[in-house]
Amino acid sequence: MMPYDAVKSILVLIALLASFGVFGWRCYLALQGLRRGQSTPAFGGWGERIKGLIVYVAAQLRLFRFKAPGIAHFFVFWGFLTLSLTILQAILEGLLAYTNPHFVLPLIGNFGPLALLQDLFILCVALAILYDLYLRLIVNPERYKGSHKSQGLMVLMFIFTIMLTLAVTNGIRINLNDDLLQRYRPVSTLIGGLFAGLNPATQTIIEETAYWIHLGVVLLFLTELPEGKHFHIVTSIPAILLRNLEPRGRLPAAPEFEGQVGVKQVEQFRWRQMLDFYTCTECGRCQDMCPAFASGEPLSPKLLMMSLRDHLKDYSSASLPTRSLIGDAVAPSTLWACTTCYACDQECPLFIERIPLIVDMRRYLVNEGEVDALLQKTLANLGRYGNSFGQSERMRAKWTQPIQPVIKDARKEAVEYLWFVGDYASYHVMFSDITRKTAQVFQKADLDFGILYDAERNAGNDIRRVGEEGLFESLAEKNSAAMDKCKYNTIITTDPHTYNTLKNEYPANGNHHAVLHYTELLDQLIASGKLQFNKKLGYKVTYHDPCYLGRYNGIYDAPRRVIRALGCELIEMPRHGDRAFCCGAGGGKIWMEEQPEVKERPAESRVREAAGMSGISTLVTTCPKDLVMFRDAVKTAGLEGKIVVKDLIELVSEALELCKETVREQM
Amino acid sequence: MNIVALFKLVPDLVEELEIDGNGTALNMDFLRLIINEFDDHAIEQAILLKERGGAQVSILGPDIEGVEDVLYTAASKGADRLIKLTGDFQGKANNHAMARAVTSALKELQPDLILTGVQANTDLDGSLGPLLAEYLDMPYVGYVSGVKVADGKVITRKEYPGGLVAEMEIKLPAVLGIQAAEQPPRYIAVAKVRQAMKTATIEVRTLAESDLSGGSTIRRMFKPEAGTRAEMIEGSAEEVTTRLLDIFKEIGVL
Ligand code: SF4
Ligand code: SF4
């Protein structure tokens with residue numbers, strides 16, 4: 001009869017070949033879809049990319065946005081890395097059991113401090129897994145809803161078993177004086193202590209059994225990897241390495257396929273986008289932040305990624321796809337629910353970006369004319385009159401009429417600053433007074449500025465995000481042509497949406513002027529002493545970060561500095577900075593019909609948040625759409641008298657004690 | 001089946017209207033033109049009929065500013081022939097003149113069905129449909145909001161006030177005045193219109209000298225003048241009714 005050690009070597013070899021074979025085959029199947037994807041523009045900026053690996057893979061920085069789960073994951077990740085050496089040891093000692101019975105890894109196998117580290121990680125990983133089990137089974141947060149629960153639990157059990165069996169194997173070896181590094185393994189020693197009373201033969205049997213379970217579960221886990229969310233262990237590294245380094249506010253151009261604009265079939269996505277489908281870990285952090293999901297709309301950024309993954313798998317395995325991408329896999333109502341607020345993509349630890357996916361599918365729908373009646377009307381207005389209000393372009397500068405001295409026409413004379421006023425600030429009845437105040441503040445600061453008068457058109461940020469690429473292009477061409485004829489140095493905008501597209505997307509049209517949001521300009525004027533306030537306002541206020549100013553363009557501090565310079569005390573809402581909760585207007589949502597599913601409008605949730613803070617009288621915004629949404633929400637939520645919504649410029653104007661004729665109280 | 005949809009461009013009411021120096025017409029300098037809304041529905045209905053049962057759809061419109069946009073948009077919807085009509089459409093042209101002038105262009109197309117909007121805000125001398133029907137010697141039904149084609153005939157759906165609906169069968173060829181297409185006109189993305197601009201061709205037909213006879217003569221055009229101010233009647237329902245009755249008696253309707 002063959003000795004046990006020889007049998008062991010052969011069995012380990014067979015198990016290895018089988019499991020790696022299955023793993024390889026499953027990876028191949030899973031990633032088959034990727035081969036059907038479209039090409040991806042070349043990846044540059046390798047320094048930045050490698051840095052990303054260190055910051056986001058090694059240091060796991062984004063994961064800590066959810067503290068406890070982040071710490072647990074950190075230990076599991078690093079435990080996995082450190083203990084992969086013990087796995088290697090287990091495999092090799094099995095393979096060499098017959099020829100080299102006391103095999104240890106050369107060099108590192110005899111290194112005490114490493115052994116200590118590994119031993120401590122066994123404990124840390126086990127504790128992290130217990131925490132994760134508690135999270136999944138007892139806390140069970142909303143964000144896990146819809147994720148594959150049994151798969152998640154199975155993998156947690158796998159890891160726990162791997163840790164336990166490793167500790168048992170090590171512990172018994174210590175008991176049997178079989179371990180040169182035993183004084184470096186306190187945790188294993190403790191576990192071994194449980195078996196110390198048994199006779200050595202029994203202990204050896206237990207040790208051998210633990211060894212087999214250990215190796216078996218490791219290899220089983222390997223074969224399971226490509227099957228679900230844990231595939232991210234493999235895909236996250238290329239995903240983070242090859243993440244999008246373009247400015248967030250710059251959407252990729254619309255893909256076109258023989259007269260079709262946008263994406264209709266899953267294979268029309270780029271392979272890099274498809275990689276994200278497989279990388280999603282179903283952690284639901286994105287969903288937790290999503291205003292559309294919170295308001296009850298049929299969109300979960302997590303479930304969207306999961307359905308895209310499932311659809312791509314079906315698509316690449318079936319010879320004839322039977323389910324459509326838009327309609328079966330993803331409902332149009334899901335696509336239309338997104339406000340493009342970027343909260344999801346900001347949160348995702350793996351840098352998964354779904355806004356470009358959503359917009360590409362919207363582009364297809366728009367090009368096929370599948371838009372709701374209100375959106376259709378708005379797009380027609382934008383096409384015909386260049387504004388979403390359906391008013392004549394001749395009325396665009398009507399708000400300027402009472403202003404003295406007359407605002408310069410940048411088309412006729414050179415100016416330092418070209419003020420791109422924007423639709424809402426120009427046409428909306430609620431805002432024209434505020435726009436006049438902005439002009440007065442600029443005049444007070446002796447700013448040399450002018451506007452485009454009726455040559456200005458909607459800048460197209462939200463038109464682009466709605467998916468009407470052709471209309472965006474045509475408006476961008478018109479605006480660029482008008483601006484090209486002017487002499488100016490810097491563009492100022494009132495609207496963060498306008499700001500975003502002028503800054504990030506117009507350079508494609510050759511406009512390379514600096515762009516400032518008016519809050520950045522105010523901040524500069526205050527710093528340079530050109531704007532000084534006679535009056536300290538002394539209000540206690542809170543500030544809402546507009547998505548396209550904060551998350552998209554990283555402008556968090558300038559408006560806050562202005563608020564403080566006004567002598568106001570700024571108290572932050574729970575959701576602030578890059579976690580600010582979208583007002584629900586972006587991405588063209590403000591032009592669409594409201595869905596019946598909506599439980600609580602995002603804007604109402606937001607004003608409740610502000611009103612719920614003690615002592616706060618004013619919610620300050622720096623986006624015309626926010627102001628309109630929030631003032632409306634204050635009424636519908638019945639919060640009148642509890643909170644006032646003001647644009648920052650109103651406070652600035654008040655602190656400057658500017659003339660009151662055009663200043664009417666807006667509440 | 002040959003379907004022809006005929007459209008007019010009318011003043012866009014987004015702009016303020018001004019009366020010209022003579023006081024008999026609109027000042028065209030400041031006007032912007034837009035497709036007559038009902039004509040837009042007529043085009044949509046023509047396309048719907050084509051999609052449903054197959055047809056050759058020709059779109060005809062006067063060659064004035066904005067005509068190409070309408071034609072290319074119609075092409076992106078699926079129209080087969082685009083024709084612009086050159087002639088005198090400014091100033092004095094009326095529907096009588098227009099109907100007479102387009103007759104020969106229409107005959108040449110040998111239409112089975114002519115669709116046009118049931119009315120337009122520039123119809124000072126009656127709507128275009130019945131006039132066309134007269135000059136072409138075809139039957140006419142107006143205020144149509146649904147069309148079905150059945151060998152050599154169409155069945156039209158026409159809504160009457162008070163919720164009555166009539167279905168009428170008409171022999172072809174015929175002229176229909178469309179009140180509403182069965183579906184609202186669809187959205188055409190700008191990229192599609194741009195594509196049509198590259199691929200579609202617009203034919204040109206020159207119309208005969210306009211003959212204005214039969215139309216109305218405008219003596220004076222003016223903006224509504226403020227009358228005596230309205231009287232707001234306040235009080236309880238009873239007081240209001242009593243006051244109303246008094247007023248009715250005063251002006252002699254009771
Ligand atoms: S962009 Fe905002 S609304 Fe859209 S899916 Fe992400 S979080 Fe939700
Ligand atoms: S997309 Fe990112 S944040 Fe959302 S569930 Fe997947 S991994 Fe988590």
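Predicted model: local features only at pLDDT ≥ 70, side-chain atom pairs only at ≥ 80, totals over all residues.
**Entry 1**

I started with helix 26 of chain A, which spans residues 648-655. How many of its eight residues are buried? I found seven, so I noted the helix as mostly covered, taking buried to mean under 20% relative accessible area. The buried residues are A:Leu648, A:Ile649, A:Glu650, A:Leu651, A:Val652, A:Ser653 and A:Ala655.

Next I looked up what these residues pack against. I listed helix 18 (432-444), helix 22 (518-527), helix 23 (557-565) and helix 25 (624-636) of chain A, along with strand 10 (618-621) and strand 11 (644-647).

**Entry 2: where chain A meets chain B**

I then turned to the contact between the chains, to which chain A gives 23 residues and chain B gives 17. The area buried between them is about 1,600 Å², with 43% of it from carbon and sulfur atoms. Which three residues of chain A supply more of its buried area than any other three? They are A:Asn367, A:Arg384 and A:Arg394, with 33% of what chain A buries against chain B.

**Entry 3: pairs across the interface**

I noted six salt bridges between chain A and chain B. One I looked up joins the side chains of A:Arg384 and B:Asp12, at 2.9 Å from N to O. On the chain A side, helix 15 (355-367), helix 16 (373-385) and helix 20 (469-484) each give two or more residues. I sorted that side into seven nonpolar, nine polar and seven charged residues.

Terms used
Residues numbered from 1 in each chain as written. Chains lettered and ligands numbered in written order. Heavy atoms only, no water. Buried < 20%, exposed > 50% of the residue type's maximum accessible area, 1.4 Å probe, protein only. Helix = DSSP H or I, 4+ residues; strand = E, 2+ residues; numbered from the N terminus. Contact = heavy atoms within 4.5 Å. Buried area = accessible area lost by both parts, 1.4 Å probe. Salt bridge = Lys/Arg side-chain N within 4 Å of Asp/Glu carboxyl O. Nonpolar A, V, L, I, M, F, W, Y, C, P; charged D, E, K, R; others polar.
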